[in-house]
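Here's a walk through one stretch of a structure, helix by helix. Have the viewer open and follow along.

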Amino acid sequence: MERADYERLRWRCIRRALLELDISLTRFLDNGFDKLNDEEQQVFVELADMEDHDLWYLISGQADCDDPRLAPIVAMLRKS
Amino acid sequence: MSIPVLKFDAVIVGAGGAGLRSAIQLSEAGLKTAVLSKVFPTRSHTVAAQGGVAASLGNSEEDHWTWHMYDTVKGSDWLGDQDAIEFMCKKANEVVVELEHYGMPFDRTDDGKIYQRPFGGHMSNFGEKPVRRSCAAADRTGHAMLHAMYQRNVKANTQFFVEWMALDLIRDEEGHVLGVTAMEMETGQIVIFHARATIFATGGAGRIFYSSTNAFINTGDGLGMAARAGIPLEDMEFWQFHPTGVAGAGVLITEGVRGEGGILRNSSKERFMERYAPNAKDLASRDVVSRAMATEIKEGRGCGVNKDYVLLDITHLDPATIMKRLPGIHEIGLQFAGVDCLKEPLPVVPTCHYQMGGIPTHYSGRVVAPKDGDHSSIVPGFYAGGECACASVHGANRLGTNSLLDLLVFGKSAGDSAVEDLKAGRAHRELPKDVADKTLARISALDNRKGGANVHETRLAMQRTMQDHAGVFRFGDMLKQGVEKILEVEKAARQLEIKDKSMAWNTARTEALEMENLIEVAKATMISAEARKESRGAHVRDDAPDTAEFPNGRNDKEWLKHTLFSPVDNSISYKPVNMQPLTVEAVALKTRSY
């Protein structure tokens, strides 16, 4: 990922509406993101683009993740 | 250096509830309106508001705005201005119905009216019994509100500048406000927004505390800009705390956990609430529980290496009950405390939640400041609404669901006042020659400084100082030390250094600029808190205890007044509380008890 794209993504992860996501996404960016391949990174970008409540319910297990493309990254976020 | 100038009738800083509500008034009046936001509008912190918005619609049972007003004055511990409180409570029905017309999907009763539910502190008939006054959209009230208002703004042609950060307020020699300087994050370019009206709706600054439920975005940008422009900050000693945030993270643990049987314990595993509230124990009111927790920590009975938190124990509860009745709590423990709460207690600490003080405003949304002996002289061209402003309706403590009402009512009134002033002929005034000099100097200093202070370390030092010295329960000696410490931190915050010098998406620079705003708020809070020698609402001092002469430690003879912190020389002055409502009789002073 280009530097500018990464920094934009970073800003969109460290300044969320919900504190839970600020912490969770920042932690994942710092500890897991660079281990993802290009395709997985794009899935993360897609997740980061979701509405805050929807994403937090997925990460906190209050909602099921039915999309097989998203599920592996959601599982990583839950464990991070 | 030539800086681009963008000219608008109005510039609004912040696209949360208050900013969006203001923008609707301006754009629908046909005025060219810009809204600047660090994030996409529907990602503002208003999203986190779940409880609802208060309005005495009376859909579920009899209700009246005068009852709501009484509750709000009482909740404020009589520090709220009664003219502003009347204005807000009276306007509540109007702004809620407008929101419904914008498409807000409120919960409904069977016969199609807006469903209303009870909420703490909201009572019928002047404090008699709880009343159903809160209007909500499931658990996404704030989120739904932002969506409805954003759409309305799109329709009205409001121009959004998303991922832009306002940096400094522009004032001329006569004190008129002429707009802001701002930075586009994608390019790092500095631009002047030259406006006939400037409205701040930048939200709170809860990130000054180590433990805060506020999202990272709440860095008090509006307060920092106002302070740097010489505008005082009002009642900054008043911050609402929630008893149980996850230690180190701030994420809120619902009171439902104690409701289901959760027990607070200290380092000796003692159920300490038995000493503080023998009957209610862990179910005592928020302030009693918070104070007990703070006392345990101060007296060395906290847990962990730094002895700076207590434990919330639910390991004795049935796991099936926890998973069923407290959804998300298990995951919160795992994610933010690294604790499986079915097996181990959760580390918790009283956590900052809401800022009652802010930029002083009249209930019309116009910013006011002392001038020539008038403590509330209008600052021409400047307006504010929502959490960054202090009208003051929340006084020393805010009632739940009044924050969303505040941003609707005062967002709208700030917009209306700006429209009124512009239609009365307020023109673009000439920009000062040195219009962007201070902003450029700040940016340049950040980019060029070597051997300066680290942003992260400085922020942490500030947050620790605020948490330890001006937390939920305050001690005279700690406050005195706190003033000295925060002034030391301020020195570091004036000498920040960043390693990344790039222009595009330089988050290090943005965070440094945010830190320069946070420190203004932290300093105002600490100095204002040290100066107020009574207990009132959320400001509770160990050395101002509950006595017969001063119930709850409140001293109306000396302290029934608003604090004004002057950032120019760190001095404090006071102005009277407005005890005169607009049309009804005043709510007379009495002891606040529930």
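Which are the buried residues of α1(B)? They're B:G17, B:A18, B:G19, B:L20, B:R21, B:S22, B:A23, B:I24, B:Q25, B:L26 and B:S27, where buried means 20 or more other C-beta atoms (placed from the backbone) within 10 Å of a residue's own.

A quick word on the ground rules. This is a predicted model, in which local features need pLDDT of at least 70, side-chain atom pairs count only at pLDDT 80 or more, and totals for chains, interfaces and linings use all residues. Residues are numbered from 1 along each chain as its sequence is written, with chains lettered from A and ligands numbered from 1 in the order in which they are written. For chain B the mean pLDDT (the predictor's confidence in each residue, from 0 to 100) is 96, and 100% of residues reach 70 or more. The complex gets an ipTM of 0.97 and a pTM of 0.96 from the predictor.

Back to α1(B): 11 of its 12 residues are buried, so the rest of the structure largely encloses this helix. The cover includes β1 (5-13), β2 (33-37), α4 (141-155), β9 (190-200) and α11 (402-423) of chain B. Just past the end of α1(B), B:G30 has a positive phi of about 85°.

On the α3(B) side, the contact (C-beta atoms within 7 Å, placed from the backbone) uses B:M88, B:K91, B:A92, B:V95 and B:L99, and α11(B) brings B:L405, B:D406, B:L408, B:V409 and B:K412.

Note on methods. Helices (H or I, at least four residues) and strands (E, at least two) are DSSP runs, numbered from the N terminus. Two residues are in contact if their C-beta atoms, placed from the backbone, lie within 7 Å.
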